[in-house]
There are 2 protein chains.
Amino acid sequence: MKSLQNLFDRIIQRVNINLRELNYDVTPYIENILPFEKLLKFYAFYGITPHHPLNFVFRQSNLAGSYFLGRCRVSNSILYKSDIRGDELKKEGQVVKYDRFDIKVSQDEAIHIEDSILVKTLVHNFSHDPESLEQFFISNTISAHYANIHGSPTDGSFLGPMATVDLTTMNDCVIGAFAYVQAGEISHLNIDPGTVWVRVPGVCNFLYHHPSERLSRYIFFAPNMQPQGLLMDFVEKHKAAFQKIFEVVNIVPTVEVPQNASVDRFAVVEPKTRIGENVLVAQRAYLQNCWLGKGANAQENCHIINSRLEGNNVTAHGAKIIEADMGENVFVGFNSFLHGRPGSRLTVGKECIVMPHTIIDIDAPLTVPAGHLAWGMINNQADLEANSISLANLSKVNSNFSQGNMVFEGSGAAFVEAFKARIHHILEANGAFYDGVNNKGHAQKNQNISFNTIQPYPEGDLEGVYPTILIQP
Amino acid sequence: MKSLQNLFDRIIQRVNINLRELNYDVTPYIENILPFEKLLKFYAFYGITPHHPLNFVFRQSNLAGSYFLGRCRVSNSILYKSDIRGDELKKEGQVVKYDRFDIKVSQDEAIHIEDSILVKTLVHNFSHDPESLEQFFISNTISAHYANIHGSPTDGSFLGPMATVDLTTMNDCVIGAFAYVQAGEISHLNIDPGTVWVRVPGVCNFLYHHPSERLSRYIFFAPNMQPQGLLMDFVEKHKAAFQKIFEVVNIVPTVEVPQNASVDRFAVVEPKTRIGENVLVAQRAYLQNCWLGKGANAQENCHIINSRLEGNNVTAHGAKIIEADMGENVFVGFNSFLHGRPGSRLTVGKECIVMPHTIIDIDAPLTVPAGHLAWGMINNQADLEANSISLANLSKVNSNFSQGNMVFEGSGAAFVEAFKARIHHILEANGAFYDGVNNKGHAQKNQNISFNTIQPYPEGDLEGVYPTILIQP
């Protein structure tokens, strides 16, 4: 175990050096949340298909329970039950448009994780940094449970539990629990827990703060403790169901899956679930008594329970939908928690956009009208009115306006258009529009993946450290 | 599947080119015995421990169901459910005594398998070829079910089912079904099925031929067919029990295993089995209602059923012991089939040596007296008398003698001494003499191994071909 402890200490030191200007010491935040005995227990695994790029290099790391796809290099790092998807990376020769530049990608892109600790973190997509198109780097970084690093190269940063950085390059920042940041590029910032911030430089800016007292019921993180709150309890409650799918080598599907849909063998699908055409169910998704219409997707770490999704629904990484009826084309962003109850169902009308990190938790029936944007903390009708706007009205906004805890600046139309374009792209990439010939996406390409397992040295000085592993086409 | 078919065709062609002088075409022998659909189905796996060397390189191969330990390179080959143990290879700097030479090993030895097809074949130990100390090569070679390649580099050869080459370098040879060869170095020979041949050049020579008609009841192999006979039926009958241990990730031991013993997680241990101290049970061993005394070992592909082994017993690769009582220090060689029956038990007295590829299959009780060498085909008392000799008497032989189908030349004492030294070495290497401090062997070092699984591309042109995999310390 000696090498593993040294590795752990070394990463903490590196992150603290990076965060010295913010006067931030990660030690008390990370020390208790990484279960060393489990670093020895869980196998990691990587997928092999002819449809994905393949190139893995793992050195001097612990990878317990982590999932890898595509092109990834990991060195001197601890990735505990993380999910590293290098299957949407850029290819050599591809041209990326950015601002007034057409930039040619000089070699196949890879995810490079170095000197970092990621706990149950999802790393996905490709580097959106025009300065770093060939390398989606994550270095000197620690992230806690269910953080998302999405298209966001990051150096010297700390992400709290359920924090998301999305399409943002990040240097030496601290992102508080349940904060969501999509801001292009940020440096030396300490973002408060529960911040929801979307900025398109020169175009628009959306800023919301979850009321901290109300948020702390759902998620709370402080030094020398595990993350706490209803969101953590909810995830913990469903953890046991995953155990059985990791214990067996092959999974016998329990529901019917159409030929043009796919359900990952590491997803949990409980009875009374219906999978529609072109549906994608990703690894570590949890489905129970739910109806997924054509083209719906259930992304990593999401939970969909006792709910109906009409079709072309995006349920983003870590989103939870319980006792709800979702119209067609509804988008639910990262880590959102939509919690109806048996007698108090939540209805979300078609074409709605539920912002990332939204909490809708209700005791009486509630309906988000079709074509609305909803955000923030919503426990009742009054909250909904304060924290939503029709997309039509938002599109009319040309300068500043505020509503409740939210401030918006810039072009509402640009904001709405950008969001719609992104949702369309997500559905397309996931295979929602496959017609039997064209528009193949993950739902069609992921049907047949082989998974190889990897484990660390079981004892001795190198206990818990994985050997050097290179996998190439 | 295209690449895999090309690979298959290419290997057959290479082997046929090597065997052109013997006018031997392997095509009809191999074409039907390799189940292509299973090449896609079974995962391969390699072990990681701090006690073993670690260095795997797999390229352009199918490895379905194969087990790897230590240092192995495999390229352009098909290893179907084979067992490649590179954990006893020589280390750099080690000095090997051979004849009048002290040869220094110039680099760590590795097993190199190239352009070969091995079916359920065990490859073990290290190269006994003084010309090739750093490389235990197997090239342009095809071997059929349950063959053993033991310390024997081989090029351009074909081994029939249950054939064994032991401590022998082999060039362009054909080894018939159930033939055993230990002869130093052989070239361009076609060895008949059921031959048992031990030669120490200049010292002694032991040669026996199983009567072919009687042997064909036990094993028979001809073009365009699967290997047949009681031995194949026996192995097939117990195959289903292995399925369950390959389907789960972790095995819960069903019997008590002393701290100084080890039972591989890929062994089958059925109820009423007792594991003594310092016992080693290797992968793919099958135990059922048996009593293993201190220091006994059950090697790869062996079966021990309704039997008692008093202690320090060697049950070599592929040996089968059913309804038998084995005294202390009994050695049972490769692929031997000792088959008593409930009312007709077989008793083998202490210190006996049962030669490799011996068949004892009885309908009435039979006892091999203590301190005897037994060989060949034994179905009753008369056969036993023709096919055994006391070690004391054999030690007195100084020139030629024959008995039944067996011919012996040279020094009987040297033969017995060499055999005893080898048995002692096997027990020592397997940990039979461990006293809590000294003489650690496999039984102690193999207690805690992590296994990683690997699988091929699941579809496309490369269907069935494994990606390039490099594993290093």
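Predicted model: local features only at pLDDT ≥ 70, side-chain atom pairs only at ≥ 80, totals over all residues.
Strand 8 (residues 110-114) of chain A runs parallel to strand 3 of chain A and is joined to it by four bridges; here S75(A) has E114(A) as its bridge partner. Strand 1 (residues 44-48) of chain A makes a parallel pairing with strand 3 of chain A over two bridges, with Y46(A) opposite F68(A).

How many residues of strand 3 of chain A are buried? Eight of the nine residues in strand 3 (residues 67-75) of chain A are buried, so this strand is largely enclosed by the rest of the structure.

I turn next to an open sheet in chain A. Six strands make up this sheet, in the order 4-9-12-15-18-21, with parallel pairing. Its edges are strand 4 (78-80) and strand 21 (190-191) of chain A; each has a single partner strand, so one side of each is left without a neighbour in the sheet. Within the sheet, strand 12 (residues 142-143) and strand 15 (residues 158-159) of chain A pair in the parallel sense over two bridges, and S143(A) stands opposite L159(A). Helix 1 (residues 2-18) of chain A packs on this sheet, where it touches strand 4, strand 9 (117-119), strand 12 and strand 15 of chain A. The direction of helix 1 of chain A makes about 100 degrees with that of strand 4 of chain A.

Now to chain B, and to its own helix 1. Helix 1 (residues 2-18) of chain B has 17 residues and reaches 25 Å from its first C-alpha to its last, close to the 24 Å expected at 1.5 Å a residue. Which of its residues are buried? They are L4(B), L7(B), F8(B), I11(B), V15(B) and N18(B). Viewed down the axis of helix 1 of chain B, these buried residues fall within an arc of 100 degrees, so they line one face of the helix. An α-helix has 3.6 residues a turn, so residues three or four places apart point the same way. On the other side of helix 1 of chain B, the exposed residues are K2(B), Q5(B), N6(B), D9(B), R10(B) and I17(B). The buried residues of this helix pack against helix 3 (36-41), strand 4 (78-80), strand 9 (117-119), strand 12 (142-143) and strand 15 (158-159) of chain B.

Finally, I come to the contact between the chains. It takes 31 residues from chain A and 31 residues from chain B. On the side of chain A that touches chain B, helix 6 (240-247), strand 45 (450-454) and strand 46 (468-472) of chain A each supply at least two residues. By class, that side has 19 nonpolar, ten polar and two charged residues. Strand 46 of chain A pairs with strand 46 (residues 468-472) of chain B in the antiparallel sense, over five bridges, and I471(A) has I469(B) as its bridge partner.

Note on methods
Residues numbered from 1 in each chain as written. Chains lettered and ligands numbered in written order. Buried ≥ 20, exposed ≤ 12 C-beta atoms within 10 Å, placed from the backbone. Pairing = 2+ DSSP bridges. Expected span 1.5 Å × (residues − 1). Arc of directions from axis to C-beta. Contact = placed C-beta atoms within 7 Å. Nonpolar A, V, L, I, M, F, W, Y, C, P; charged D, E, K, R; others polar. Axes fitted to C-alpha atoms, helices over the stretch in contact; angles between N-to-C directions.
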